[in-house]
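Look at the structure first, then read on.

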Amino acid sequence: MGNIAERIKSGDLLVSDGAWGTFLHQKGLKASECPELWNLDRREEVLEIAQSYVNAGADIILTNSFGGSPFKLESYGLGARTFEINRAAAEISREAAGDQVLVLGSIGPTGKMVFMGEVTEEDLFEGFKEQARGLIAGGADGIIMETMSDLQEAQIAIAAAKSVTNLDIVCTFTFSSTADNEYKTMMGTGIAEYLEMVRNAGADIVGANCGNGTAGMIEIVKQIRGIDAEIPILVHANAGLPVYKDGETVFPESPAEMVSQMRDLVVAGANIIGGCCGTTPDHISMISNLVKEM
Ligand SMILES: [Zn+2]
């Protein structure tokens with residue numbers, strides 16, 4: 001357990017950051033480009049994103065490394081530069097964060113599944129280990145595996161991260177609601193099964209990101225708290241559920257609409273609150289103001 005879980009155990013409610021992907025696209029990232037290569041080639045723009053979330057009042061910011069596993073990077077011919085790209089991602093966020101704000105190094109899914117025979121457990125482990133090594137070398141205060149849905153992949157990612165650091169390990173899954181108000185990942189994993197895996201694997205902080213607006217996240221947090229009253233919970237909610245409008249996917253909730261539900265999210269038991277798709281520094285700034293009031 002590192003700094004972050006300790007602060008939560010001492011009663012702190014922490015604000016995390018908002019979306020990175022959409023922000024990079026606004027800054028001109030093309031669909032064909034590798035987002036993580038910007039850590040090397042367009043460092044200033046990535047730093048501006050990190051800085052904007054620090055300025056908005058976030059206590060924790062993430063890194064531009066969601067697709068930074070060697071498996072994802074290799075689709076751009078960059079697999080051999082995994083360490084360098086992830087180290088740069090963490091260095092950029094560290095520079096924006098200074099010593100007052102915490103940095104969580106982001107690790108997303110690889111898109112490869114062991115049970116489908118697309119990758120071996122050993123290769124997956126080594127790949128995540130290399131990514132985590134880069135993030136820690138760049139100054140991250142912990143690692144977050146996010147938008148995960150495959151129990152086996154997440155378990156291997158946690159083990160790989162724990163093999164290189166004693167700092168906080170966060171693992172959040174993406175759940176969607178089913179017809180009978182259960183929440184499952186696209187692989188069919190429910191909340192109880194997810195929690196059992198992450199706790200056994202030794203994650204310090206659990207939770208959910210993406211796939212839901214704040215309303216859905218409140219339900220997910222209640223269900224986690226029904227099973228575990230103590231474990232720190234991080235939530236990165238989308239700015240509402242996506243709607244398709246004028247040929248584009250948009251996330252409809254304004255900062256005020258989103259923040260109006262955040263108090264209930266905290267009451268339900270969330271300890272770290274921030275945003276996923278569609279959230280901006282304006283959303284984070286309002287969340288930060290709410291947390292100061294609370
Ligand atoms: Zn998202």
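The largest pocket is lined by 32 residues, with Trp20, Gly21, Thr22, Phe66 and Cys277 nearest its centre. A pocket is an open set of points on a 1 Å grid over the protein atoms alone, where a 1.4 Å probe fits, with protein on both sides within 12 Å along at least five of seven lines; lining residues have an atom within 4 Å of a point. This is a predicted model: local features need pLDDT of at least 70, side-chain atom pairs count only at pLDDT 80 or more, and totals for chains, interfaces and linings use all residues. Residues are numbered from 1 along each chain as its sequence is written, and side-chain values use heavy atoms, without hydrogens and water.

**Largest pocket**
- Its volume is about 680 Å³, the space filled by probe spheres set on the points.
- Helix H2 (21–26) gives the largest share of the lining, 4 residues.
- The lining has 12 nonpolar, 14 polar and 6 charged residues.

**Second largest pocket**
- The second largest pocket has a volume of about 210 Å³.
- Its lining includes Ala19, Thr22, Phe23, Tyr53 and Pro281.
- H2 supplies the largest share here, 3 residues.
- The lining divides into 6 nonpolar, 6 polar and no charged residues.

**Helices H9 and H10**
- The axes of H9 (residues 191–201) and H10 (residues 214–227) come within 10 Å and cross at roughly 60°.
- Ile191, Ala192, Leu195 and Arg199 of H9 contact Ile220, Gln223, Ile224 and Ile227 of H10 (heavy atoms within 4.5 Å).

Conventions:
Axes fitted to C-alpha atoms, helices over the stretch in contact; angles between N-to-C directions. Helix = DSSP H or I, 4+ residues; strand = E, 2+ residues; numbered from the N terminus. Nonpolar A, V, L, I, M, F, W, Y, C, P; charged D, E, K, R; others polar.
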